[in-house]
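Subject: Structure handover

Hello,

Please find the structure below, with notes on what came out of the analysis.

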Amino acid sequence: MITAMADKREPEGIVLTEAQRKSRRQRSVAIALALGVLVVLFFAVTLVKGPAVLVRPM
C-alpha cells in the first residue's frame, strides 16, 4: 500500500515560476489596496453627507 507521503510525483496542472508568483502577489496587493481605498472613500462620503442621505422626497 502506497501512502500519500511516499508519493513524490510532480504536481499536476500549472506550475508558476518565481517571477510569476511575485507578479501575482504584487497584483493581489494592488487590488486589495484599491479596494481598501474605495471602502474608505465610500465611508468618508457617507459621513460627510450625514443622515440627510436618507431624507428624500417621495
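The notes cover the basis of the values, then the fold, the surface and the charged pair.

This is a predicted model, in which local features need pLDDT of at least 70 and side-chain atom pairs count only at pLDDT 80 or more, while totals for chains, interfaces and linings use all residues. Residues are numbered from 1 along each chain as its sequence is written, and side-chain values use heavy atoms, with hydrogens and water left out.

The protein chain has 1 helix and 0 strands (DSSP runs numbered from the N terminus: H or I of at least four residues for helices, E of at least two for strands). Helix H1 covers residues 18-49. Its 32 residues reach 47 Å from first C-alpha to last, close to the expected 46 Å (1.5 Å times one less than the number of residues). Glycine 50 follows H1 and has a positive phi, near 70 degrees.

Of the 58 residues in the chain, 2% are buried (under 20% relative accessible area; exposed is over 50%, partly exposed in between, with a 1.4 Å probe and protein chains only). The accessible surface is about 6,100 Å², 68% of it from carbon and sulfur atoms (Shrake-Rupley method, 1.4 Å probe; for residues, only the protein chains shown count as cover).

Leu38, Leu41, Phe42 and Val45 form a nonpolar surface patch with about 370 Å² of accessible area together (residues with over 30% relative accessible area and no salt bridge, nonpolar side chains being joined within 5 Å and like charges within 9 Å). Leucine 38 is partly exposed at 40% relative accessible area.

The salt bridge count is 1 (a Lys or Arg side-chain nitrogen within 4 Å of an Asp or Glu carboxyl oxygen). Glutamate 18 pairs with arginine 21, their closest N and O atoms being 3.0 Å apart.

Regards
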